[in-house]
Structure formats: structure tokens, C-alpha cells
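Please look over the following chain and its fold before reading on. The briefing below is written for someone meeting this structure for the first time, and it goes topic by topic.

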Amino acid sequence: MGNLRALSCFILLILVVFTTARPKSGPDQKCKSGPVDLVFLIDSSRSVRPHEFETMRKFMIDILNTLDIGLDSTRVGVVQYSSQVRNEFSLKTHSKLENMVKAINEIVPLAQGTMTGLAIRYLMNEAFSPGQGDRPKVSNVAVIVTDGRPQDRVAEVATEAREKGIEIYAVGVARADMTSLRAMASPPFEDHVFLVERFDLIHQFGLQFQDKLCGIDLCSESEHGCEHLCESTPGSYICHCLPGYRLNADGKTCSAIDLCAEGKHDCQQICISSPGSFTCDCNRGHQLNDDEKTCSPIDLCAEGKHDCQQVCVYMGPGFFTCDCNEGYRLNEDEKSCAPIDLCAEGKHDCEQVCVNMGPGIFTCDCNEGYRLNVDEKTCSPIDLCTEGKHGCEQVCVYVGPGIFTCECNEGYRLNVDEKTCSPIDLCAEGKHDCEQVCVNMGPGIFTCDCNKGYRLNEDEKSCSAIDLCAEGKHDCEQICVSAPGVFTCDCNKGFKLNRDKRTCTNMDMCNTVKHGCEYQCVNTPGSYHCICPEGQLLQEDGKTCGTCKSSNIDLVLLIDGSKSVRPQNFELVKKFVNQVVDSLDVSARGTRVGLVQYSSRVRTEFPLSMYHTAEDIKAAVLKVDYMEKGTMTGLALKHMLENSFSEAEGARPASHNIPRVGLVFTDGRSQDDISEYAKKAKEAGITMYAVGVGKAVEDELREIASEPVEKHFYYTTDFSAINTIAENLKLNVCPAESQGEVEVKDPCACENLVEFQQATMNSLDQLTQKLASMAARLEQLENQLLSRK
């Protein structure tokens, strides 16, 4: 009991290690709580973010710094769990603090589900086992730190763990469920259950308990409320009761132990209770035996005071009834007995003949021409099958006395002579469902197999071609062309296959194809691109060169601020917006820019009329706060159409013929319908661009984008690559398309466009390599489809 009480001091010490108002405990200030076996059970589910896991890691290390670590004092183990359980180190692994700290810093989170019940069972069966370093007669303490609701049952296994002597402290953070924490923790809950809003507040729990950790006799210095006895423990106290009494659930008052009412006695009839003790007595008509526990009735049969002919049966004090020996029944006088003839009374189960063998006894016999079976009840005729007087090769079937017929074992059929048998070959008879090859395994048995280059499917009947290319069992450098069980190699467009029939060599595309470049052709792996002289820009045909002019547009950017984007990626999105702004001629009479952020709701960050310089717009973009909720793209399109392009928010009148351009940036599937307002936006004359990253849905992006879709739709798998998209976006509308207010730049001021051209070429080099790989894979799939046809 003393060791258990020491746990309170130990756990309270855990909760004060992060104090800031008072100096931290040094090596000479550690609380001596006695030998303790402590295991941390930490939640590493996917909802625990990396910086939160680092806080949990620091939480454990700071606790260790306050403990008296050693194999003969405090032993510590760490177990992490998610959808599975992983033992990081056991109670016997480390005896030094520095080794434990090193092991904790090397923990890699599992990042899966939240199977807390599974983890507690591991804690009970494995972590606190002698094989893992658990010591007998040393207190077992578990500290569970979690941020979510368990995905399995915890109440039953936690109860079982507590009944085995494990004291459980449950620390919940952020999204943790209080009901689940109480189901895990040991009572009283006010000492064992803690809940905070976020991980960096865990240290606050220790402040309220620091003054009562060590050395205070709370029995003498507080109003403890114990009814009988009070025992001080480190940092707490416990109430006890006098002999014969038991502590109530309130932990303070006592109740007399009624062993009789609790059934904790061995009296046969009557139990008389006193606090913590009892005496035995007997009912009326009985007397207490010498053992002072059992009772004996007054038995008239045993005393010979009856008139039964055969058997006297005791029925209670002063009562008896008569009975008869086996094979006899009691007469009407209920005293004398008569023998029972079961055959005469028909109380037998003989099939043919019953023979009386004495009172209550019989045996069976058979009529002439029959013999008694092994069950000694039924009869069987003397037949030819039993006596072997038949010519059946395998099975003789009795039909009647002197009559039989022949049959065959399973897998065989009876021949024309109706006596001999032949094995059944299901493969030869075509009675099978194998797709390719049937293998006879014996009479009536077969198995399926496949032709060379194919393997048997799980149904053990059909076959599938072995695709060595798809399985990666080839050594082709670029393209693998598959046939059942074999393969050949090929190369991507712009490459040729070497003599080893495996590797490929890049071809000089500029010298082998009609590239059509007006100024200069530049080779790239498997392809080429055209460039222009300084001061000129590559045109949309990718071959010719020309000068350029900027145009005026009203541009509204809709950026996705949903939870899936994550804060670090949202910063990349803002840089993407500012790259787009850098490519525009921003002024009050030139290009105007508005920004809208959306998640579960829509928020105008700034309208078209607010800023008139690129510097002001970029500064405002960097100040935008991340919303972090859902993905209502349809609602955002509606807001753009009805509000952002209104004259009230700075859009110029339609009569001025200033092109209106909308750009939607998203990383996932919309949670509402986009069709209606994507269509209405384009019908209203808004040129729509769609930019997608990561899990963005291509069909949705194409539905948003204006025609031709290929010039208004961009996608990349990684946020880090969106700068390439920003460099390649051409949002300026040609002057021929704008009949309104146009601010034309000096034709000589095209240096920035030349830089843009060179950056675009570098990006195209990277994209070309990716496209070549995708083209090779598509060509491979086409070849496979053609070979199957």
C-alpha cells in the first residue's frame, strides 16, 4: 500500500516539470518517490502534427530530468501507438538518463489511426512484464498522452489493466475526448485526468500541485475528513478503517464489513454477523455439528422409526417417504413394493423380441432368420453382402434378404457388367471449368494450370498473362513492351535503341527533323525548343519571333484557403500570386487586380479598386491570413461573378471593353457544385484560367477554364512547382481584342519580356522531360492494348 501511495508524488512531479514561475529542479532537487516502473504511452496518430509531436517529445524529456533514473530506482519505458503499437524502449533497456533522451529524440511518428485500446492491452501484457524489465512489488505507472477519440474500445481493457495494479494517468490535448480519458484513467479522476487546449500548454498542469509533492504531512496539516484513520503519503494522504470495517467509495468514511450479507462465510444455514466476523446457527429441527458450520436434521429414517418395506427416504425434520429398490415399484399402500415386468408392460425398445430377465431387467432377441445388431436392440437379416457372397468389385448394397446390388466408390462409375468399376477422368471428359489446362489428379479429381507465360488466378480456374513490364521485371532503360511472360525494349520519341536492345541514345532533333524555328533550335532530351534573339518574344506557335505590347485587364484571383493546403503551402500560393502580379502592367488606367480567398466561406481580401501599383498589391498579398476550412469553389465563383466584377468594387464598365479575367487556384475537389457559376462566368464574357495542384480534380479545372482549355488550364503535382506555372501564364489580352482604354508601353522596353522568355525556356526543359516520360508510358499502354486485340 505504501508503494501505491508513492505513485501520487511521482505523477504530480511529472506535471510540474514545465514550470516557468519558479526555478527548475536541479540534480540535487529530485523528489525521492521510491522505486517506480513508469511507461509513457504516446499517441502518434496522423492528427498529431509534427510540431505537436516535438512538444510531446520535449514533455517526456523534461519529465525524465526530474526523476531519479536507475535500475534500482525509477525505470522508464516508451511506447507509441496509432493503428499499431511500437515499443520504442522497454523498462530494462536504459539505465542512464542521457541514453533515454537520445532514444526519445530518435522516435519517428507512426502517423496512422488511434487504436488506444490496442495500446493499453500491449501496455498490460507486454510493457509491464518481467521480460521487459517489470519488477515485482514495485509500483506500475502509465502516462497516456493523446489528442483524439479512440477508434476502438478502451473501457474494458483499461479496467483490466487497473485491476492488475497499473495506475493510469490520462492527459488529453486539443481534440481529446473527456469521456474516453475518464474510461482510461484510475480513480479518483480529479487526480488522474487532465485536458488542455493545445500541446504547448501541457506544462501548466503541474503548477497547482508543486507545493504538495514531497515532505508535507497532510494528515496533520489539513482537514483530511477521514472517519477512522489517516495515513500520510508523499504529496497526499489516504484514509484507512479500523479492523472489521471497509473504506467507502468517498475514500473517507467507513462501513462495517457484513460477511454474512456479502456471502463471505461458510455457514450451512444461518449466519449471524458482527463487524468483520460471524457465527453459524441452524434452522428449526436441525442441530449444529461439531464443526460449528454445518447442520444435521433429526432423521427418522436413520433412527429406524418408519414402516417402509424396502427404502426409507428422509424428507425433512420428522418427515419421510417410502421408495423401492431398482426394478420394483411402490404399491398403493405406499409402503410395500412389487417387481416390474418391462416386457409385459411394453416398456422396452426391442425391435422384435423382448425377454424378461428379472425385476426391471430385459434383453432383446430376434426372430428366426435375423441376427441381433451391435446395438443389442435392432435386428438385421442374414444377407449375401455381409457374408461376402457377391461379385462386386468395390461396394455391395443390401436390397433385401438374399438380394444385393453393386456400386462404386466416389470417383468411379459402374461398368456395363454392373459389378466392376472404372475411374472417372473429368479432364478427358471435358467436365471441368479450367480456362486453359486441366490436370487429372486421380479418379474424379482435377486441378487447373496455365499455358507458358500465364499464371493461375486466385479463383484457381482462370489465367492472367504475366506482364513482366508492369511487374518491373525487366532492364529496359525507357520503354518496356510486354507480351505474356516476355518483353522487348523500346525508346521514347527522340531516342534510338542501342545494340544491347536495352539502353537508349538521345537523337539530335534539331538536325534530324524539320523544326521550323525562325531564329534558333535548341536540343532537349528527346525533343527540342525554339528561342528568339534578345528583344523579341517567342510567339504562341512556338517557332516564330516578334515584338510585344501589354494590354489592360481587370483580373480577379480566387485562391483556395482550405485546410488541405496547409500553412507552409499557402505561403507558396501567395508567392505564386505575386509572380503573376510581376508580369502585369498595374495602374489605375492599366491592369487592375483583386484578390478573393475561399474555404467554407468566401472573403474579399481586396477589390479591384483598392491598389494601383504592383508594390502595394504584393504587400497586401503577403498580409493575407490563411482561412483553413473547407473547399466551396462553386460559392467562390458565384461571389466573383456577382461582387468582384461589379463597378462598386472597381471593375470598369462593360462599355470600355476592358477584358475581364478570372484565375481560380485550388488543391482539391470542390465540396459544392461548380457547374452553374463556371458556365455563367464564361457566358458573362470573363476569361477563366484554372490552376490546380496536388489532389485538384482535372475535370473540375477543365470545366472552369475558358476555351481553348489547353491554354487556360494548368496543373502540377507539387506546390513547389507552381512558380513554373506563374512564369508560363499569359494573362495579358492582345491589344486587338481590347477596344477600350489601352496604355501602350514603349516597344523598346521589352527587356523584362526577354528575361521572361529565358525563364520560360528553362521551365519548358524541365516539363519536357516529364512529358517525355508520360508519352512513353502512354505509348507502352497503347502497345499493350493492341497486342491484346
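## Briefing

D475 and R502 form a salt bridge in which the closest N and O atoms are 2.5 Å apart, a salt bridge being a side-chain nitrogen of Lys or Arg within 4 Å of a carboxyl oxygen of Asp or Glu. D475 lies in the loop between β30 and β31 and R502 in the loop between β33 (495-497) and β34 (504-506), so the pair ties together parts that are 27 residues apart in sequence. This is a predicted model, in which local features need pLDDT of at least 70 and side-chain atom pairs count only at pLDDT 80 or more, while totals for chains, interfaces and linings use all residues. Residues are numbered from 1 along each chain as its sequence is written, and side-chain values use heavy atoms, with hydrogens and water left out. Helices (H or I, at least four residues) and strands (E, at least two) are DSSP runs, numbered from the N terminus.

**Salt bridges**

- Side chains of opposite charge can pair when their charged atoms come close.
- In the whole structure, a search finds 35 salt bridges.
- D475, at 47% relative accessibility, counts as partly exposed, and R502 is also partly exposed, with a relative accessible area of 28%; here buried means under 20% relative accessible area, exposed over 50%, and partly exposed in between (1.4 Å probe, protein chains only).
- K638 forms a salt bridge with E642, with the closest N and O atoms 3.0 Å apart, and both residues lie in helix α12 (residues 633-644), four residues apart, which is about one turn of the helix.
- Within that pair, K638 is partly exposed, with a relative accessible area of 28%, and E642 counts as partly exposed at 43% relative accessibility.
- The side chains of K389 and E387 also meet in a salt bridge (3.4 Å, N to O); K389 is exposed, with a relative accessible area of 53%, whereas E387 counts as partly exposed at 35% relative accessibility.
- A network of salt bridges links E52, D147 and R175.

**Disulfides**

- The structure holds 22 disulfides, each being a pair of cysteine sulfur atoms within 2.5 Å.
- One of them is formed by C241 and C254, whose sulfur atoms are 2.0 Å apart, and with -90° about the S-S bond this link is left-handed.
- C260 is joined to C271 by a disulfide (S to S 1.8 Å), and the torsion about its S-S bond is about -65°, so the disulfide is left-handed.
- That pair links distant parts of the chain, with C260 in the loop between β10 and β11 (270-274) and C271 in strand β11, 11 residues apart.
- C469 and C480 form a disulfide with their sulfur atoms 1.7 Å apart, and the link is left-handed, with -70° about the S-S bond.
- C469 lies in the loop between β30 (463-465) and β31 (479-483), and C480 in strand β31, so that the pair links distant parts of the chain, 11 residues apart.
- C469 counts as buried at 7% relative accessibility, and C480 counts as buried at 3%.

**Nonpolar cores**

- Of the 32 residues in the largest nonpolar core, L555, F576, L663 and F665 touch the most other members; such a core is a set of buried Ala, Val, Leu, Ile, Met, Phe, Trp, Tyr and Cys residues joined through side-chain atoms within 4.5 Å.
- At least two residues of this core come from each of several elements, including β39 (554-560), β40 (592-598), β42 (660-666) and β43 (686-693), while α10 supplies the largest share, six residues.
- Another core, of 30 residues, lies apart from it and has L38, I61, V101 and V143 among its members.

**A mixed sheet**

- Six strands form an open sheet in the order β41-β40-β39-β42-β43-β44, with mixed pairing; two strands pair if DSSP finds at least two bridges between them.
- β41 (602-606) and β44 (713-716) stand at the edges, each with a single partner strand, so one side of each is left without a neighbour in the sheet.
- β43 and β44 run parallel and are joined by four bridges, and G692 stands opposite Y715 in β44.
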